[in-house]
Each structure stands twice: as structure tokens, then as C-alpha cells.
Amino acid sequence: MKSYVYRVSPILEGVEDEIYRDILIQEDKTLEDFHFAILDAYGLQEGEMASFYTCTENWEEGLEITLMDMGTMEHESVSILMQEFTIKDSVDKDVKYYKFTYDFLFPKKFKVERIGENTEIKEDVPVLLAEVGKYEPVVNHLSDITFNDLEEESISDDDDDEPTFENIDDLDI
């Protein structure tokens with residue numbers, strides 16, 4: 001059975017040091033298996049939403065492959081789940097680049113590139129081949145968010161048709 005080596009690098013602003021993990025994964029494994037291998041390689045806790053995005057070699061995002069079925073929106077043509085998409089499917093469709101996003105509330109983003117094929121290691125599970133650099137994700141908590149962090153919609157004075165009121169007693173109910 002064929003295995004492939006993927007280089008997974010975090011996308012971090014202001015970090016100059018080279019950081020990556022090389023992960024060997026077998027062609028019969030799914031992107032869901034790969035997702036868990038990435039979490040293990042970077043010491044991230046399970047339990048958050050995640051998606052892979054197919055990319056061009058210039059890292060322009062394409063199709064989203066989700067961890068869970070989120071349904072399809074009107075503008076989307078297909079919904080692909082990680083558990084249904086194997087590494088072999090990825091190779092057969094010539095998808096060499098992905099972006100991986102984990103935890104959409106406090107996103108951790110990674111570039112994923114297939115860098116080689118391996119026939120020597122015969123493990124049946126994903127294998128961490130190389131670990132370069134120290135990864136320290138920014139830890140955020142919901143308690144750290146304030147109302148000032150949320151974007152306010154601009155209120156225009158052009159809406160003269162809308163009634164205004166100062167308190168709930170002003171409403172005609």
C-alpha cells in the first residue's frame with residue numbers, strides 16, 4: 001500500500017521561525033484520519049469544527065471538505081465530508097495543496113502540502129516523520145471577548161422612516 005508524506009505548516013503572523021510537521025499517511029486513510037494526525041502532531045485538543053480547503057499552488061482556496069455535515073447552501077454545489085474522502089482520492093484528483101482550519105471561533109490555520117510518496121515505512125497508522133520548530137498556538141477564551149471586540153453595524157441617520165424610542169414603554173404594543 002502506498003503512503004504519502006505531507007508537510008503541515010502553521011500560518012502564523014509575525015513568526016519568522018520555520019515550523020512544520022511532516023506526516024506520513026496511508027492512501028486508504030481519510031481526511032478525518034489526517035485531521036486527527038494533525039491535531040496530535042501539534043498538540044491540539046479534539047472537539048472543535050474543522051475543514052480542509054483544496055488549494056492551488058498559490059494557496060488560493062477551492063472546495064471545502066468539512067469534518068461534519070453542515071448541509072449545503074444555495075450557492076454550493078456539493079458537500080464533502082472528511083470521513084468520505086481518502087488520501088487516494090486526493091492523489092487521484094491531483095490535489096497537492098490544502099489549507100486546514102481548526103476551531104472556527106479561535107482559528108488555527110495550516111498549509112498542507114504533499115511532498116512525497118513513501119514505500120519504505122509500512123505502518124498502518126499516520127506517522128510523524130519530522131517535527132521542526134516550536135508551535136505555541138494563541139490561546140483565547142470566550143471570557144476574553146468583550147463587546148468592543150465585536151463589530152458594530154453602522155447605524156445610518158438616513159433611516160428616518162424607522163421609529164425611535166428610548167425605552168420599552170415607548171413601544172406601541
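The charged end of Arg114 sits over the ring of Tyr4, 6.0 Å from the ring centre. A second contact of this kind involves Arg7, whose charged end lies over the ring of Tyr20 at 3.7 Å from its centre. These values come from a predicted model. Mean pLDDT for the protein chain is 82, and 74% of the residues reach at least 70. Among the elements of the chain, strand 2 (residues 20-26) has the highest mean pLDDT, 96, and strand 5 (residues 80-81) the lowest, 86.

Two of them are listed here.

| Pair | Geometry | Centre to centre | Angle between planes |
|---|---|---|---|
| Trp59 and Tyr97 | edge-to-face | 5.1 Å | 80° |
| Phe100 and Phe110 | tilted | 6.1 Å | 40° |

Trp59 belongs to the loop between strand 3 (50-55) and strand 4 (61-66), while Tyr97 is part of strand 6 (residues 97-102), so their pairing ties together parts 38 residues apart in sequence. Trp59 and Tyr97 are both buried.

Which residues do ring pairs link into a cluster? The cluster consists of Tyr6, Phe34, Tyr42, Phe52, Tyr98, Phe100, Phe110 and Tyr135.

Note on methods:
Residues are numbered from 1 along each chain as its sequence is written. This is a predicted model: local features need pLDDT of at least 70, side-chain atom pairs count only at pLDDT 80 or more; totals for chains, interfaces and linings use all residues. Side-chain values use heavy atoms; hydrogens and water are left out. pLDDT is the predictor's confidence in each residue, from 0 to 100. Helices (H or I, at least four residues) and strands (E, at least two) are DSSP runs, numbered from the N terminus. Rings of Phe, Tyr and Trp (its six-membered ring) pair if their centres lie within 6.5 Å; planes under 30 degrees apart count as stacked, over 60 as edge-to-face and the rest as tilted. Buried means under 20% relative accessible area, exposed over 50%, partly exposed in between (1.4 Å probe, protein chains only). A charge sits over a ring if NZ of Lys or CZ of Arg is within 6 Å of the ring centre and within 35 degrees of the ring normal.
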